[in-house]
Amino acid sequence: MKSRIPLILLACGSFNPITNMHMRLFELARDHLHQTGRYQVIEGIMSPVNDDYGKKGLVSARHRIAMAKLALKTSDWIRVDPWESEQKTWTETVKVLRHHYNESLALFQSKKELMKNKQLTERRTEDPLSHQHSVLPELKLLCGADFLQTFKTPNLWKEEHIKEIVDKFGLVCISRAGSDPAQYINESGLLTTYQHNIFLVKEWIQNEISATQIRYALCRGLSVKYLVPDSVISYIAHHNIYTEESERKNEGDLLQPLKLHNKMVNPLND
Amino acid sequence: LILLACGSFNPITNMHMRLFELARDHLHQTGQYQVIEGIMSPVNDDYGKKGLVSARHRIAMAKLALKTSDWIRVDPWESEQKTWTETVKVLSLSLPVKMLSLEFTSHHHRIPVQSKTKGVAKAGRPNKHRNLSFPFVFLVLPELKLLCGADFLQTFKTPNLWKEEHIKEIVDKFGLVCISRAGSDPAQYINESGLLTTYQHNIFLVKEWIQNEISATQIRYALCRGLSVKYLVPDSVISYIAHHNIYTEESERKNEGDLLQPLKLH
């Protein structure tokens, strides 16, 4: 029996704040990939963006990480990773992918070594479980269909990075209502070339919990119960995180990737 | 004001509970009402809807889901009757009982007070409430309104499902709080109905500001196929369903081909 490829899902985003929908993306992706028969999803990683990204209304990573941790307490396979948010500056998505891939590779190597040593000392013949460990894990970027569309935004992405993401890693793309990712892939030569490595997952329920609307509701004292875990709601109330003031943060600023692009193009305008 | 939602709750989902939260926020923002309680009333097994599992389970799941709510509760009365009960009867019988029990339980009720700094008390903020420790006589009679989705309004059109005089009693004597789903235009439907237009002052239309269409039917579908429903349904409910193996292909076939009870009676 051909063993399934171990797969890790990585989602990058603001998670400002984390919502039930974010967590649904992971569950949907995992179900879909398991149903292909080819993959075994072994881990889900949520990577909140660095404060330096400069998005309007982005609250401190300290809080966003804390909320994600609370929300993911009840998950036995998804975790939040603070690496990206702890860097000195904003990190390009492809670099985050590389980092986590290298981490998983290192873990894989050390596990393999451990298994090998174990077999040598115990003089056991190869047991069926070791099959799993002999297959290199893959790391794929989990995203919504709207994320795919950001590839079009001028200067937001480097062409070679998009290529590396879809070629070396792969995308698992959950389609929101009103999005037609298949069409968008057709319109892009690059994406069409690597469409075998872009998994399109249909979100079978209408579940559009926009974090922006959540923040809006919180500012106005409206309930977000059942859209965001109770523990996160308590945390937000306790720390008074989302206010009219927090929404104005970074207002008018350029996103960091665009700032960097401008610097490259106009190095003297600093 | 008390909100009463009738439905299958087969199973209860996060969306069902959202209806209550949305309705409460909306009614509070009118400045005219204080929502003091939410009641979920799962329909009797006798209703005969396809795939309807035993009320015992549906009540148990709702109880688990509502554990974390301090104002919404599930009421088994309707499901415990010998037969299916018309919605208007559930409403009629809920109110007098409510008024009686409120007098006795009022010392447990936290009545929100006007915040000194802002104009309107925010919904459901325990730290702004005051505990009244003496018997309390209501100067204003509580109202009881039926909480529903916009699709519920449309069922008034289904031939023989509703008695005309019942629809009138519901919108006149009680009132509706109707949460609009995407693709529904309840205002238009009200315009098309003379009866509803007459009582439109007692029909509150609430816009669901996020797209949150967690259909219980799709949940059951997913459960049958071993797909995840985590974050759509409370964890405690998911565990319960798994433990009792409630939703299966077999359970989905229950009542298949049968008429709904109100149509049978007609």
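Reader: How much area is buried between chain B and chain A?
Author: About 2,600 Å². Keep in mind that this is a predicted model.

Reader: And what share of that comes from carbon and sulfur atoms?
Author: Carbon and sulfur atoms give 56% of the buried area.

Reader: Which elements of chain B give two or more residues to the side that touches chain A?
Author: Helix 1 (14-29), strand 9 (211-213) and helix 9 (216-224) of chain B.

Reader: Which one gives the most?
Author: Helix 1 of chain B, with six residues.

Reader: How many salt bridges between chain B and chain A, then?
Author: The count is zero.

Reader: OK, how many residue pairs are in polar contact across the interface?
Author: Twelve, with both residues of each pair at pLDDT 80 or more.

Reader: How many residues does each chain bring to the contact?
Author: Chain A brings 26 residues and chain B brings 28.

Reader: Switching topic. Where does A:Ser246 lie?
Author: In helix 12 of chain A, which covers residues 244-247.

Reader: Is A:Ser246 buried or exposed, and why?
Author: Buried, because its relative accessible area is 11% and the cut-off for buried is under 20%.

Reader: What does its side chain reach?
Author: The side chain of A:Ser246 reaches the backbone nitrogen of A:Thr243, at 2.9 Å.

Reader: Which residues is A:Ser246 in contact with, leaving aside neighbours within four places in sequence?
Author: A:Gly57, A:Val59 and A:Ile241.

Notes. Residues numbered from 1 in each chain as written. Chains lettered and ligands numbered in written order. Predicted model: local features only at pLDDT ≥ 70, side-chain atom pairs only at ≥ 80, totals over all residues. Heavy atoms only, no water. Helix = DSSP H or I, 4+ residues; strand = E, 2+ residues; numbered from the N terminus. Buried < 20%, exposed > 50% of the residue type's maximum accessible area, 1.4 Å probe, protein only. Polar contact = N/O pair within 3.5 Å; in protein donor to acceptor, adjacent residues only side chain to side chain. Contact = heavy atoms within 4.5 Å. Buried area = accessible area lost by both parts, 1.4 Å probe. Salt bridge = Lys/Arg side-chain N within 4 Å of Asp/Glu carboxyl O.
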